[in-house]
Amino acid sequence: MRETGAIAGVSVAHADATVDEIEAAGGDGVRATVSDLLAREGVEEAFAVQTCNRSEAYVVTDRTVDGATALSTFAPEVRGGAVRRLDHEESLEHLMRVASGLESLVLGEDQIIGQLREAYEESKSAGGIGPVLKDAVTKALHVGERARTETEINEGVVSLGSAAVRLAASEIDLTDGTAVVVGAGEMGTLAARTLDDTAVSEIVVANRTVPHAEFVVEEVDTPAEAVSLADLPAVIPEADLVVTATGSPDLIVHPSYVDGAGRVVCIDIAQPRDVDPAAGAREGVTVYDIDDLEDVTRRTRESRAQEARDVESIIDEELERILEAYKRKRADDAISSMYAGADQVKARELDRAMSKLEAQGGLTDEQRETVADLADALVGQLLAAPTRSLRDAAGEDDWETIRTALRLFDPEFTSEAERPEEADITDAAVGGPDAVPDSIAEELDD
């Protein structure tokens with residue numbers, strides 16, 4: 001019987017890391033990260049999530065040292081201060097905070113729910129999701145939904161796209177301007193919708209797949225046009241604002257694209273970057289990235305302080321529930337293993353004892369029942385104290401005691417090769433009338 005493992009996690013996120021560090025930790029994507037972690041010694045389950053704000057990984061192992069070792073190389077090129085390592089309880093709480101939007105750059109943003117679900121499905125496809133992570137991520141998503149249903153944490157500026165437009169409006173006059181949105185995914189769509197509520201006169205949506213860009217164009221009332229990425233050198237010099245939000249691993253906006261442009265603001269909310277930072281060196285061109293949105297998001301965070309406290313109360317409540325369930329499961333695993341091992345030994349030794357007693361003169365059905373009841377009672381009484389101790393150990397997070405019990409009472413261990421001394425023990429127990437305890441002998445004589 002396999003022990004219910006513990007989660008270990010590692011996070012490289014915007015609160016402590018730069019855009020470049022988050023990108024460096026992202027590796028080759030969720031599936032590749034999960035597959036790599038599953039190949040590590042002792043890893044039973046694995047989950048990864050990668051967004052423009054964070055790169056995180058979680059594993060489930062039976063031994064905490066295996067979890068720490070498996071994650072030790074998750075972000076080898078990132079400075080130590082930007083890497084946060086999480087134990088089981090911290091991982092559960094952190095996932096809930098992420099799903100609730102409390103850990104997002106834009107406090108309470110809604111996109112993280114969909115991003116977590118997508119990461120879960122990708123991790124599942126890679127074979128990484130088992131019972132422990134299924135419960136953890138499912139609980140986190142449930143908490144995220146509660147946060148948005150029961151509080152107003154997601155009112156106001158709720159996405160990087162809308163935060164980018166607000167930042168642009170503080171820098172330039174968008175009235176009758178032209179805005180270019182690069183990327184037709186969720187973030188690009190949100191940026192286009194936000195721009196639709198401003199005074200811009202034209203929105204251009206550029207995407208590798210033009211039909212996808214056309215879909216975004218249909219989402220807005222402002223005059224809009226869909227173009228391919230190949231058209232960017234022609235449309236960017238005519239723009240006042242460029243918002244980039246693709247999922248491309250390569251740079252999309254090169255410095256030459258802004259040649260001939262007047263005053264243009266480029267806001268890059270992609271991870272990895274879409275805009276070559278060198279473009280910002282051209283006269284009249286300003287390039288902002290995710291790190292530069294901090295002031296906008298800080299004001300949002302301040303206005304939602306009370307809502308955030310309400311969300312934290314929900315997290316505290318749900319965390320206590322899942323931890324209690326986890327502790328019960330850990331104790332139940334150990335107790336079940338203990339009783340299963342004891343029952344195997346009892347059944348084997350009871351069969352031998354019955355055979356010996358039969359050879360000494362036979363047993364009535366009542367006598368057989370008496371011996372069987374005695375065996376059951378002995379097992380129950382002998383294991384009553386360890387059962388209480390294991391439940392207490394789970395309540396006190398004493399996992400070493402539980403692991404020891406699992407090793408000592410593992411049915412697979414007790415059913416391996418029979419120890420040579422077992423036959424002698426059994427023979428001594430039923431070797432003759434004088435060897436039978438008085439209490440049993442008296443009942444057999446009745």
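L374 is found in helix α13, which spans residues 365–395; helices here are DSSP runs (H or I) of at least four residues, numbered from the N terminus. The model is predicted, so local features need pLDDT of at least 70 and side-chain atom pairs count only at pLDDT 80 or more, while totals for chains, interfaces and linings use all residues. Residues are numbered from 1 along each chain as its sequence is written, and side-chain values use heavy atoms, with hydrogens and water left out.

L374 has 31% relative accessibility and therefore counts as partly exposed, a class that lies between buried (under 20% relative accessible area) and exposed (over 50%), with a 1.4 Å probe and protein chains only.

The side chains of K346 and D376 form one of them, at 2.5 Å from N to O. Because K346 lies in helix α12 (residues 305–359) and D376 in helix α13, this pair ties together parts that are 30 residues apart in sequence. D376 is partly exposed, at 39% relative accessibility.

A salt bridge also joins the side chains of E358 and R368, at 2.1 Å from N to O. E358 belongs to helix α12 and R368 to helix α13, so the pair ties together parts ten residues apart in sequence. E358 is partly exposed at 30% relative accessibility, and R368 is partly exposed at 31%.

Elsewhere, K139, R146, E150, E317, E318 and R321 are linked in a network of salt bridges.

Note on methods. Helix = DSSP H or I, 4+ residues; strand = E, 2+ residues; numbered from the N terminus. Salt bridge = Lys/Arg side-chain N within 4 Å of Asp/Glu carboxyl O.
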